[in-house]
Amino acid sequence: MTTTLRTEAVRVPESGLTTEARAAAVVWEREMIRFVKDRARILSSLAQPLLFLFVLGSGLGSLLGGTAGGVRFETFLFPGVMAISVLFTAAFAGISIVWDREFGFLREMLVAPVSTASILVGKALGGATVATLQCLVLLALAGLVGVPYDPLMLLTMIGLIFLMGFMITALGLVLAARVRQVQSAMPLVQLVITPLMFLSGALFPLSGLPTWLTVLTHINPMTYAVEPLRSVVFDHLDVDAATRARFDPGIVWGGWTVPVGVQVLLTVAFALALLGLAVVRFRRTE
Amino acid sequence: MDSPAVAVRGLVKRYGDVEAVRGIDLEVARGETFGFLGPNGAGKSTTINILCTLVEPTAGEARVVGLDAVRDRAAVRRRIGLVFQDPTLDAPMSGEQNLRFHQELYGVDRRHAAARREEVLRTVGLWERRADPVATYSGGMRRRLEIARGLLHSPQVLFLDEPTIGLDPQTRSSIWAYLAELHRSEEITVFVTTHYMDEAEHCDRIAIMNEGRIVALDTPDALKAQVGADRVAITTDDDEAALRALRTELGLEGAVREGAVTVNVPDGAGFVPRLFDRLGGHGVAIRSVTVTRPSLDDVFLAHTGTTIRDAEAGAGPSMHPMALRSRTAHR
């Protein structure tokens, strides 16, 4: 009987790296399907960064006297607005697993003969991809705020945005691990994300702050993901050292200026640690 | 391939003070359709969750196709199909997308994946609707899609936890028709829990579970035969006199249930004339007689002293299925 033959042929293989990778890939693919289908989400998550960039940018910019040392406030704000967009999009992507739990689909994923880590890696890559796709729209507007369209700069920014998106989605997953009710998911995100945004240097330079604020920005993982982004933009601007020091002072620990490479490595470490924590918490609760 | 589909020995599961499963032994042969029958909170779901490696037992052993449900977790999962009590579909995705997702998750060979999807979708009658989002499916269609999905990776045992709960009677019987069809075409073992008595009739063998224990285990016919054939319910003007007459004249122990004197006899129809003959002589006026073929309800009643409906209504809050389920989730 043909049925029997086919039954033998489709038997599931024993575990292996390929199986784990396929599981992560299909979880990622589902995030893409959902992103494409949800046009309202795309539009609403673009509105907020655009408001920040043009309304807050112009408003505060005029207070600062339009340009300072040839740098418009919007130019300074540009990488920060990227980060805010990533923050909200990715955190939502991570916390969306609460909805998967509510509708039972999380169970379908977690009972599969693959590790929880593969499922969550797929989720985090999906969140990072969605966040990056959103940022492409913002990147296209670079010229409007005085940021040059330099291919290498844009590629570096995309890479950094993806990394930031991965880290924040992983954070969203950590938060989602213990949330049983859909209603409490969004307030929790707001509670965690808003301080991360304000304390990251996305909206103001990290120089000349009071000590308590400096300490808070330094313990915020987001700070180390935002600063490389700004640094890349300023690398491609034609500004003198004094202006750069004012707008892009970098991160200074004690007397040591943390190199951008170290900041990126720290972000990678944060991302992996958060993902690990999410895996542990999901294994324990489901 | 000689190991039984399911083998359970001394299985115990405690949630705090609640003992959901109190030491059960069970063996299911390959190719059997095995039913787990009992009221809500009897421990059926806990048992099936242990077999599916979702819950670890407190004590005892559970084996599926010869593999230990605790130690060989991933290997067991690859060989079983699962249909849960609560829906686990992604509503925005189409029926076929849900199936493809499952195949990738289980690492099914891509060369045969599309053909297999078509095969299972046709079996459950959803091939024409495959491209529609699951959100547009009815409850019965979703259930069928979940059954199809459970079969995608050609499992050796298909576990279904209350597959027909919340469905109307017509849809319920169509689900059972599909299950019977699958059983023929797929040559797999089906392990199903239900609290609908009539559904247990579809099984080769059934285990009746109550308060964490298996109280009876046999074929539906054998179980019914055990209860002592037919049940005769007699309404009279004087139940006490009727009971006495039954004892002295016919040597039968009757009981008053739901306002009628009931007695179990091998041949109900042949018993009725004798009943009138003997009881009439004692001046007991009989108003009506009902002869019922034994049902699984009677089997349940005989083994537990209560009807399945009363058992469900009487289940205290600690044994409520919702409470048990949420505890399962917090394992």
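**Entry 1: what I am looking at**

I keep in mind that this is a predicted model. I began with chain B and asked for its overall make-up. Its secondary structure comes to 13 helices and 14 strands. Along the principal axes, the C-alpha trace of chain B spans about 80 × 45 × 40 Å. I also looked up burial, and 45% of the 331 residues of chain B count as buried. Then I checked how far apart in sequence the contacting residues of chain B are. Taking contacts between residues at least 6 apart in sequence, I find that 71% join residues at least 24 apart.

**Entry 2: the four-strand sheet of chain B**

Next I traced an open sheet of four strands in chain B, with antiparallel pairing and the order β2-β1-β4-β5. Its edge strands are β2 (18–28) and β5 (67–68) of chain B, each of which pairs on one side only. I then followed β1 (residues 6–15) of chain B, which is joined to β2(B) by eight bridges, the two running antiparallel. Which residues of β2(B) face B:Ala7 and B:Arg14? I noted B:Glu27 opposite B:Ala7, and B:Glu19 opposite B:Arg14. The hairpin of β1(B) and β2(B) has two residues between its strands, and B:Gly16 takes a positive phi there, near 60 degrees.

**Entry 3: the helix on that sheet**

I wanted to know what packs on this sheet, and helix α1 (residues 44–51) of chain B does, touching β1, β2 and β4 (59–64) of chain B. The direction of α1(B) makes about 120 degrees with that of β1(B). Is α1(B) mostly covered or mostly exposed? It is mostly covered, since eight of its eight residues are buried. I wrote down a few of the buried residues in α1(B), including B:Lys44, B:Thr47, B:Asn49 and B:Leu51. After α1(B) comes B:Thr53, with a positive phi near 70 degrees.

**Entry 4: the six-strand sheet of chain B**

I moved on to an open sheet of six strands with mixed pairing, ordered β6-β7-β8-β3-β9-β10 in chain B. Why does one side of β6(B) and of β10(B) have no neighbour in the sheet? β6 (80–83) and β10 (213–218) stand at the edges with a single partner strand each, so one side of each is left without a neighbour. The twist averages 15 degrees from one strand to the next. Further in, I found β3 (residues 33–37) of chain B running parallel to β9 (residues 205–210) of chain B, with four bridges between them. B:Phe36 stands opposite B:Ala207 in β9(B).

**Entry 5: a buried aspartate**

I stopped at B:Asp298, found in helix α11 (residues 296–304) of chain B. Why does B:Asp298 count as buried? I counted 23 other C-beta atoms within 10 Å of B:Asp298, and the cut-off for buried is 20 or more. Leaving out residues up to four places away in sequence, B:Asp298 touches B:Val227 and B:Arg231. I also checked B:Asp230, which is 68 residues from B:Asp298 in sequence and 9.7 Å from it in space, C-alpha to C-alpha.

**Entry 6: where the chains meet**

How many residues of chain B are in contact with chain A? I get 31, against 30 residues of chain A. On the chain B side, the elements giving two or more residues are α2 (73–79), α3 (95–105), α4 (110–123) and α6 (169–186). α3(B) gives the largest share, four residues. By type, this side divides into 14 nonpolar, eight polar and nine charged residues.

**Entry 7: chain A and the cores**

For chain A I opened the unreviewed UniProt entry, which lists residues 76–99 and 152–176 among its transmembrane regions. In the model, residues 76–99 of chain A are 96% helix, with end C-alpha atoms 37 Å apart. Residues 152–176 of chain A are 100% helix, with end C-alpha atoms 36 Å apart.

Last, I looked at the largest nonpolar core, of 148 residues, where A:Leu87, A:Met167 and A:Ala170 touch the most other members. Helix α4 (residues 73–95) of chain A gives the largest share of this core, 16 residues. Beyond four places in sequence, the contacts of A:Met167 include A:Pro221, A:Thr267 and A:Phe270. Apart from this core lies another, of 12 residues, with B:Leu243 and B:Val284 among them.

Methods. Residues are numbered from 1 along each chain as its sequence is written. Chains are lettered from A and ligands numbered from 1 in the order in which they are written. This is a predicted model: local features need pLDDT of at least 70, side-chain atom pairs count only at pLDDT 80 or more; totals for chains, interfaces and linings use all residues. Two residues are in contact if their C-beta atoms, placed from the backbone, lie within 7 Å. Ala, Val, Leu, Ile, Met, Phe, Trp, Tyr, Cys and Pro count as nonpolar, Asp, Glu, Lys and Arg as charged, and the others, Gly among them, as polar. UniProt positions are given in the numbering used here, feature names are shortened, and annotations may be inferred rather than shown by experiment. A nonpolar core is a set of buried Ala, Val, Leu, Ile, Met, Phe, Trp, Tyr and Cys residues joined through C-beta atoms within 7 Å. Two strands pair if DSSP finds at least two bridges between them. Axes are lines fitted to C-alpha atoms, for helices over the stretch in contact, and angles run from 0 to 180 degrees between N-to-C directions.
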